[in-house]
Amino acid sequence: MGLQIDHVHARSGTFELAADLTISAGTRVAVIGASGSGKSTLLDVIAGFLPVESGNIRWAGQDITHMSPADRPVSILFQDTNLFPHLSIGQNLALALNPRTGRLGTGDADRIADSLTRVGLPSFADRRLSQMSGGQQSRAALARVLLQARPVLLLDEPFAALGPALKAEMLDLVSQVAEAEGMTVLLVSHDPQDARRFAPQTIVVEAGQVHPPQETVKLLDNPPPGLRAYLGEGHAP
Amino acid sequence: MASRLVSIIAALTVAGLVIGPVTAVILRAEAFGGFRPADWQALRFTLLQATLSALLSVLFAIPVARALARRSFPGRGFLVALLGAPFILPVIVAVLGLLAVFGQSGLLNRLLAPLGLPELQIYGLQGVLLAHVFFNLPLATRLILQGWLAIPAEHFRLAATLGMGRRAMWRSIEYPMLRRIVPGAFAVIFVICLSSFAVALTLGGGPRATTLELAIYQSMRFDFDLARAAALGLLQLGLALTAGLIALRMTQVPVASRGLDRRVPRWDRTDPTAICTDALWIGLAALFLLTPLAMVLLNGLAGITTLGASVWQAAGHSILVALGSTALCLLWALPLATRWGEWLGLAGIALSPLVLGIGLFLIVRPFANPFDLALYVTATVNAFVSLPFVLRILRPDAETIRTDYSRLRSALGLSGWAWLRWVLLPRLKRPLGFAAGLTAALSMGDLGVIALFADPDHATLPLKVYQLMGAYRMEQAAGAALLLLCLSLGLFWMFDRGGRVGSAD
C-alpha cells in the first residue's frame with residue numbers, strides 16, 4: 001500500500017512530469033536530480049498544489065488525487081515561508097492545529113508545548129521568527145508539521161539555507177521524529193550526502209521522468225549514466 | 001469559496017453604485033429640451049480653467065522640483081512633506097486661507113493699497129486658477145521631483161566628467177526626463193480640475209466663471225431643473241471619462257510616494273546664479289503654500305471661541321460621515337484589492353461626486369425625502385470617491401501577502417476568516433492605517449455632494465463653513481475652518497499612527 005502514484009502525468013507551463021511508482025508506508029525517501037528536472041513538481045503534485053492531467057494518487061488505498069492540499073494526509077515544509085513571521089510561534093502552531101479559527105481549544109496549549117519540547121525549543125512559544133536563528137526556525141517549522149500529524153511528510157529542501165553541520169543535525173532530528181511517528185518522508189535535495197545520511201531509498205528524477213525508488217547506497221555507489229553525469233565524474237567510487 | 005462570494009458582493013455593490021445612478025441620470029436627461037448658451041459657456045469655462053490650471057501648476061513646478069532635487073537645506077524634509085498635505089487639506093479651508101491672503105481685504109491688498117496700486121480681485125477665473133495651482137502645484141512638484149530623483153546618478157557623474165555646461169545638461173538629461181513626466185502630470189491635474197466643484201462654488205460663480213459641476217449644482221438647487229442637471233451630468237461624465245482614460249494611459253498618481261527625501265547628486269551645485277534661482281523658487285513656493293495656512297491658523301484661533309452649537313453639531317455629523325465612509329471604503333477595498341478590482345475602483349475617478357449625487361437623488365426620491373438621507377449619501381459617495389486611491393495603496397501589499405503565503409495558507413487549510421484575522425489584516429496594518437487616514441480626511445473635508453442635499457439640520461462642517469462665509473460671518477467661518485483642519489489632520493494622524501504601532505514587520 002503506502003503512497004501509490006499510478007501513471008500520473010502533470011503539466012506546469014511547458015514542463016511535463018510523468019511518474020509511476022509506489023513508496024511503502026513508513027519509509028524515508030530522498031528525491032534527487034538536476035535543478036529543473038521536476039523534483040519540486042513531484043512534491044507539488046503529491047501535496048495537491050499542481051493538479052494532475054491523468055493518473056491517480058492513493059494513500060493507504062484511498063484515492064486522494066482530487067483532494068485539496070489541506071485535506072490530504074500530507075504535510076509539507078517549503079524552502080522558505082513555513083511559518084508566518086508576524087505571529088508568535090505559539091500563534092503559528094495554534095493556526096496549524098485549528099486552521100478554521102486559529103484559537104486554542106482545551107489541551108491545545110499542552111500539545112503545542114509538547115511539540116516544541118520534542119524539537120528542542122521548549123519555552124519558545126512567545127517568540128517570533130525574527131528572534132530566532134535559522135536552525136531554530138527550522139525546528140519551529142518541524143513542530144508545526146508534528147502538530148498537523150499527517151502520515152506523509154514532504155520536505156522541499158527546507159534546510160538548504162543552513163550550514164552543513166546544522167543541516168545534518170536537522171536531518172537527524174527529522175529522521176528521529178519520523179521514526180517515532182511512523183511517517184513516510186520524501187526529501188528533495190541537491191546533495192547526495194543528504195540522501196546517504198537520511199534516506200534508505202532514493203528516487204531519481206530526470207527531465208520530468210520520475211524513476212521508482214532504489215536503495216540509496218547501491219544507487220549512489222553505482223550510479224546509472226544519467227545520474228553519474230549529474231553527480232559529476234569524480235563522484236563514482 | 002466564502003471569500004470569493006465576498007469579493008463578488010463587493011464588486012456588485014460598487015458596480016451597482018455606478019450603473020444605478022448613471023442609468024437614472026440618462027433616463028432623466030431624455031426629457032431635456034436642449035442646452036442653453038450658459039451651459040456651453042460652462043463647458044468652455046471648465047475646459048479653459050482646467051487647461052490653464054494644469055499649465056500653470058506644471059510650469060511653476062518644474063523650477064521648484066529642480067531646486068528641491070538638487071539642494072539640501074534645513075527644512076527641506078518639512079517642505080517635501082508639506083507637498084503631500086494638500087491631498088488631505090479640505091478645499092474650503094484652503095479657500096479661506098487664500099481669501100485671507102489674496103482676498104479683498106487680504107494681506108496682499110493691504111500691502112498694495114498704501115502704494116496706490118489697484119485692488120486685487122480674487123473672484124472669477126483668477127481665483128479659481130489660484131486655488132487650483134495652490135492644490136496642484138504640490139502634486140506636480142512631487143511628480144516631477146520623482147522624475148528627477150529617478151535619473152540614474154551615473155548620468156550626472158558622466159556629465160561632471162565631461163564637463164557639461166548648463167545647456168548641454170539640460171539638453172541631454174533634464175529635458176528628456178521632463179518630456180517623459182510633464183505630459184502625464186499635466187493630464188492628471190487637468191482631469192482633477194475638470195471636476196472642480198468646491199473651488200468654483202466659493203471662488204468662481206457668475207455666468208463667466210461657472211464650471212459644469214457648479215452648473216449641475218445650480219440647476220438643482222436654484223432652478224430645481226432635474227432634467228437639465230441630469231443632462232449636464234452626462235456631459236460632465238463624458239468629459240471626465242475621456243480625459244480620465246487619456247490621463248490613465250499617461251501616468252500614475254503617486255498617492256504615497258516614498259524616497260523623496262533623497263537628493264540628486266550633482267556636481268554643478270556651486271554655480272551662484274543657480275543657487276540664487278533655486279533659493280528664489282523654493283522661497284516663493286514655501287511662501288505661497290505656507291502663508292494661507294498660517295492665516296487659517298491665525299484667524300481661526302481668534303474665531304474658534306465664537307463657535308455656536310450648530311457648528312459643533314455639524315462637526316459631529318462630519319466625524320460620523322468620515323468614520324462611516326472609511327469603514328465602507330475599507331469593506332469594499334479589502335476584497336477588491338486585486339487587478340480587476342482596481343479597474344472597477346477607477347470608476348471613482350471618472351464619475352464625479354455630483355453626477356453620482358444627482359443619480360442617487362433621482363433613485364431615492366420616489367421612496368424617501370432625499371434631504372433626510374443627505375449624510376448617508378455623502379458617506380457613500382465619499383467612500384466611492386476614495387476607493388481608487390485606497391486600492392492603489394492596498395493592492396501592492398495585498399498581492400505580495402497573497403503570493404508569499406498562498407501555499408502556506410493552503411498547506412494549513414486556513415479558513416477565509418482565519419486568513420483575514422491572522423494573516424491579511426495584521427500584515428496589511430500599515431497601508432491599511434494610511435488608507436483609512438486618507439479616506440477619513442478626504443471625507444471629513446469634502447464639500448461636494450452634501451451641498452446638493454444640504455439643509456440646515458444635516459450640514460457637515462465644510463458646508464457649515466461655506467454657509468458662514470456666505471453670511472459674511474468671517475470670524476466664525478475662520479474658527480470653524482480651523483476646527484475642520486484640526487479634525488481632518490487629526491483623523492488622518494490617528495489612523496495612520498494606529499497602522500504604524502506594532503505593525504507586522
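**Two chains, one predicted model**

Let me open with one pair of residues: Val31(A) stands opposite Val188(A) in strand E8 of chain A. Strands and helices here are DSSP runs, numbered from the N terminus; a helix (H or I) needs at least four residues and a strand (E) at least two.

Some ground rules. This is a predicted model, where local features need pLDDT of at least 70 and side-chain atom pairs count only at pLDDT 80 or more, while totals for chains, interfaces and linings use all residues. Residues are numbered from 1 along each chain as its sequence is written, and chains are lettered from A and ligands numbered from 1 in the order in which they are written.

Back to that strand. E8(A) covers residues 184-189. Which strands pair with E8(A)? Strand E3(A), residues 28-32, runs parallel to E8(A) over five bridges. Strand E7(A), residues 152-156, is also parallel to E8(A), again joined by five bridges. Pairing means that DSSP finds at least two bridges between two strands.

E7(A), helix H5(A) at residues 164-181, and E8(A) form a right-handed β-α-β unit. Right-handed means this: with the strands pointing away from the viewer, the path from the first strand over the helix to the second runs clockwise.

Is E8(A) buried or exposed? Six of its six residues are buried. Buried means 20 or more other C-beta atoms within 10 Å of the residue's own; exposed means 12 or fewer, and partly exposed lies in between, with C-beta atoms placed from the backbone. Both faces are covered. One side has Thr184(A), Leu186(A) and Val188(A); the other has Val185(A), Leu187(A) and Ser189(A).

Now chain A as a whole. It has eight helices and 11 strands. Its radius of gyration is 18 Å, close to the 18 Å that the globule rule gives for 237 residues, so chain A is as compact as a globular protein of that length. That radius is taken over C-alpha atoms, and the rule is 2.2 Å times the number of residues to the power 0.38. The C-alpha trace spans about 55 × 40 × 30 Å along its principal axes. Of the 237 residues, 43% are buried.

On to chain B. Here we have 22 helices and zero strands. The radius of gyration is 24 Å, close to the 23 Å from the globule rule for 505 residues, so chain B is as compact as a globular protein of that length. Its trace spans about 75 × 75 × 50 Å along the principal axes. Buried residues are 48% of the 505.

One helix to look at: H4(B), residues 91-102. Its 12 residues reach 16 Å from first C-alpha to last, close to the 16 Å expected at 1.5 Å a residue. That expected span is 1.5 Å times one less than the number of residues. All 12 of the 12 are buried, so H4(B) is largely enclosed by the rest of the structure. Among them are Val91(B), Gly97(B) and Phe102(B).

Last, where the chains meet. How many residues does each chain bring to the contact? Chain B gives 17 and chain A gives 18. Contact means C-beta atoms, placed from the backbone, within 7 Å. On the chain B side, helices H17(B), 374-412, and H18(B), 416-427, each supply at least two residues. H17(B) has the largest share, seven residues.

Terms used: Contact = placed C-beta atoms within 7 Å.
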